[in-house]
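Morning, everyone. Here is the structure I want to walk through today. Please have a look at it first.

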Amino acid sequence: MPRLLCFTFLMLSFSFSNSQEFGGNPPSVRWKQISTDTARVIFPEGRDSAAQRIASIVHYLAAKNNSLGTKGDKINIVLQNQSTVSNGYVGLGPYRSEFLLTPSFNNFELGSIAWSDALALHEYRHVQQYNNFRTGMSKVMYYLFGEEGLAVAINAAIPDWFYEGDAVYNETVHTEQGRGRIPFFTNQYKSLWLDRKNYSWMKLRNGSLKDYVPNHYPLGYFLVNYGYEKYGSDFWKKVTQDAAAYKRLFYPFQQAIKQHAGVDYKTFRKQAFDHYKLNSDMQINQEAGAGEQKITNPTLSYVTNYFFPYQLDDGSVLYLKSSYRKRPAFVLKDNSGEHVLRIKDISLDDEYSYRNGKIVYSAYKPDIRWGWKNYGEIRIVDIKSGQQKKITSKTKYFTPDISSDGNKIVAVNYETDGKCELHLLDAGSGNLLKRIESSEINVFTDPKFIDDSSIVACARFNDGQMSLVRADVSGSITRLTPSSYHVIGFPNVQNGKVYFTASFNGNDELFVVHLDGNRIFQVTNSGLGNYFVNASASKLVYSKFTADGYQLKEINLDKVDVKAVDQSVFESPANKFAVAREDEFKSLLLTELPLRKFSASQYKKSTRLLNFHSWRPYYEDPIFTYTLYGQNILNTLQTELYYLYNQDEETNAVGFSTTYGAFFPYVSAGTEYTFKRTDTLNGLTRQWNQMDNRIGLNVPLNFSGGRFFRFLNVGSSYVFRFESNTGPTKDLFAENNFSYLSHFINYSQQVQTARQHIFPRLGYNFSLQYRHAISKYDSYQFFSSANMYLPGFISNHSIVLNGAFQQRDTFRLLFSNRFPYSRGYNEAYLSRMWKLGANYHFPIWIPDWGFANILYIQRIRGNAFYDLTRVYSRDKTITADQRSAGGEIYFDTNWWNQYPLTFGFRVSSRLDADLVTGQKGTYFEFILPVSIIPR
C-alpha cells in the first residue's frame, strides 16, 4: 500500500524515516528527467512512456480545481523500476515522492487500472495535502524546523486516516474504478457490521493483536466520502485548513469538524457509519451460503486465515495457513487432523498452485547489496517428502502454475522495462520455452493451465478494464468474459469449466464460464466475498472472507443453484457504495486524458547533492546541538552540519558528517572542531583547540532468502585527533595528537514473525568491534555481543539468550565503555568483562483499550530474566560476579492513535554487592523508549 511520511520524536527532537532505500540503486542505472514548473519526474532510461503518462496526470491534477486548496509547490517524483514490491509514498525531509512501478498481481487489492495511473492519482493527492496544510502554526513549525517540523505539526493535527482516505477518494473519483469502487476494499468494514463487532473508535484507529481490524485506508475513505456527500465539496478544505493552522490548540481536527459540520466528532463518525450501514445490504439473503459446509472454524483468541485450498484425490485438503500467532505454512488436513508440510519461504503474497503432489509458488529474494533491486524466484515443493527445489534465480516471476504432468510451469513475468508476459518454463531446469504477450494487455495475472497447449489468465487491458482470457501456446489470445471494470481473479480449471471470483453487485462472488461456449453462470451469493476456489468433479472448496479471517468452506456441486449471467451485469456498477460529488469533481476521466509530450533530458546524479531540508535543536545532558540535515533526491548522500555546546566543559564545537551510498561500499566522513577546551594540571591551565576527523568504509549486505532474513554489515574507519595549544601556557604542554582504527562486523539472521510474536521464533545476531590506536598510544578495545532467539512454551512466547565480552588495555581509557552490564547494577568499566543473560518473554493481556484518543494499550507483556556479569581486575587475576534476577513489565501502546511506543518498569534483585555502592538489595527502574515511530 502507498505510504505516507513517518517521523520519530524524542523530547524536543524529531527525525525523519520512511520507506526510502539509501543507496538502493546500482551505479549502472542511468536517470532521465521531465522537469516542469509543476513536477520533476526522474526515471530510469527505458521508462519514458510511464514518465510521460505520470507527468500528464500530475499536470492535469495540478491544473484542475483542488478541493483542498490552490497551493502547489514543485515536487520531485522518482520512478523505481528495479523492485518487485508495489508501493509509493510522498515524504517530507526531503520533500519528494517515489513510485515503485511493479504492479500488485492481486487484482482485488488495488484493482485493474494502470498501476502508474493509480500511483499518480493517489500520491499526488498527498502532494496537494502537504502543500495546502502548510498554514498557520504548521507554517511556523516549517520555518522553525524545516520540512521535518512541518511533518510533526501536520501529522499531529490531522489523522492518518484522512491522508489516505482522501487519497483513495481521489483515485476513485477520477477513474471508473479505484479502491472506493472495489467490494473487497469496502467490505472490510461491512464484515464487522454483519458480525456485530462493535469495536470502539480507538480500536478501529489502532488495530488489534487478536482481532481483525481494517487499517486506516478504508476507514478514511468512508469518512472522507461521507464528509463530501453530507457537507459539500469544500468541507474538508475548511476542516483541514483550520486543523493545520491550529485554530484550536487542543484536538484541532476534532474541533474543526465540530465547527464546520455542526456536530461533535463522535457524532460525525457515528452518522457516517450509520449512513453506510443503511446504504449497504446489511441483511444477508436467506439463500446465501445454502448448502455450504464448514471445513475450518475461527479461533477465538486470534485471527487465523486459510488461503488457496486444493482438494486431493484421497479426500484431504491442502491449504496455506497463517495466523496472528504463526507464520504462513502449507498444511494438509485429513481425517486425522492438520499436518504442517513446510513453512513457506518469504513471499510477497499468499498465492501458490498445486497439481499431482507438487506445490509451486514465487518467493521473494532481495539483491545482495542494492535495496531497490529484488526478485521473484520460483520454488517447487514435493508434498510427500517436504523437499523444496529452486527453479529460477534472479527472475521476476509471479503467480506461477504447474501443468498436470508436472513438466511445465507458466508464470507472469514483469521486467524493469514495464513489459508483462506469460512465460512457459521447463519445470526441471527453469529454462524459458515460450513467451506469450499482447499489445492490448497491460498486465497478466493468475495464469492456469487448461491443457498442455492452452492457458487461462486474468488480463488487465490498457484502458483499465479486465477480462478472463484464453492464451494458446501458439500466441493467440481470446476473451472468455466481456471486458469491464469489474475485478476478476483466482481462476481454477476443471472439466472444461473455469471457476473464478468476480466483483458484481457489491460482493466478490464465485462464477463459472464454460469453455465450449463462453457461457457464464453465478455460483454463489454471499454477504461479503468468496475467493481461491478449487473445483473437483463433485464439489467446490474456497475461502470465505469473514470478520474472523478467511475461513474454508465446501459445497457439493449438485447443491449449487447456478444462475446465468448476461451482458448487463458487466455494465452495472461493481459496488453499492456511491462516490460522493462524482459529477462535480470528475471533470475528465483518465481514460479520456490526452497524453502530453514533455521534453526529457539527462538527470545528473550529482544534482543538488547538498540538499538541506530540516534543522532542529537537540539536548541530552550535558550536550546541546543544533543540526542541519540534508539528503539528495536520489538518496545517495546524507549530510549533517551542526553546532555543539558542552555545558560541563563550557566549550563550543562545529561539525560536519556525511555518508555516500551510491558505491558498493558506503563511504562516510566527518569532522568536528572544538574551540578552547581547558584542563588543569599542577596548578597550570591548559587551553587548546581540538579537531576530530573520521573517514570510513562499510558494506551492508542482504543475504535474505528462503525462510530467513539475513543481514551482514562489515566496515572500518580511521579517526585522527589533532590538538593545537592556545593561550599563555601553550608551550608548556604537549599536544595530544593520535589516531586509531575501528573495525566492526554485524550479522543477524531470523525467521519471519507473526503479529503476536514478541521476538522471532528462531534467530540470532552478533556484533564484533575492535578499536586500536595506531599512533602515540598502545591502546585498544575489543567488544562482542550476541543474542539468540528461541521459541517459548507457547507460540507467542519467546526465549532470548544473550552474551557479551569486552576487553581493553590497562594503559589509558581512550575508548568509551560499550558493555551491557547486568541489570540493576551501576556500570563499571574494567579491563575484562563478560556477561551471560537469559530472558523469557510472554504476553499477559491484550486489552485493546484506550482513553481520550491519547493513549491506547495494545498489549501488556512480561519478562523474567537472569544476568551474570564477571569482571576482572587490572592484572586479570581477581574476579568478581555481578548477578541479578528479576522481572520486567512492558506496555505496548499507541499515542494519539498513531505513534507506537513501548515503555515499562523493571525490578532487579542484586545477588552480589554492587562494585560502586557495595550494596545488594532490590533495584527499581523505569524503561523508557528511545524514540516514537509512527506506524
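Which residue takes a positive phi just after H4? That is Gly146, with a phi of about 80 degrees. Keep in mind that this is a predicted model.

Let's stay with H4. This helix spans residues 136–145. Its buried residues are Ser138, Met141, Tyr142 and Phe145. Look down the axis of H4: these buried residues fall within an arc of 105 degrees, so they line one face of the helix.

Now the sheet. We have an open sheet of 6 strands with mixed pairing. The order is E6-E7-E5-E4-E3-E33. At the edges sit E6, residues 87–91, and E33, residues 601–602. Each of these edge strands pairs on one side only.

E3, residues 31–35, and E4, residues 39–44, pair in the antiparallel sense. There are 5 bridges between E3 and E4. For Trp31, the bridge partner in E4 is Pro44.

Next, the helices on the sheet. H1, residues 48–63, lies across E3, E4, E5 and E7. H1 runs at about 165 degrees to E4. H3, residues 115–133, packs on the sheet too, touching E5, E6 and E7. The direction of H3 makes about 20 degrees with that of E6.

Last topic: cavities. The structure holds 5 of them at 30 Å³ or more. H3 and H6 each supply at least two.

Methods:
Residues numbered from 1 in each chain as written. Predicted model: local features only at pLDDT ≥ 70, side-chain atom pairs only at ≥ 80, totals over all residues. Heavy atoms only, no water. Buried < 20%, exposed > 50% of the residue type's maximum accessible area, 1.4 Å probe, protein only. Helix = DSSP H or I, 4+ residues; strand = E, 2+ residues; numbered from the N terminus. Arc of directions from axis to C-beta. Pairing = 2+ DSSP bridges. Contact = heavy atoms within 4.5 Å. Axes fitted to C-alpha atoms, helices over the stretch in contact; angles between N-to-C directions. 1 Å grid on protein atoms, 1.4 Å probe; cavity = no way out; pocket = protein on both sides within 12 Å on 5 of 7 lines; lining within 4 Å. Points joined across faces, edges and corners; volume = space filled by probe spheres on them.
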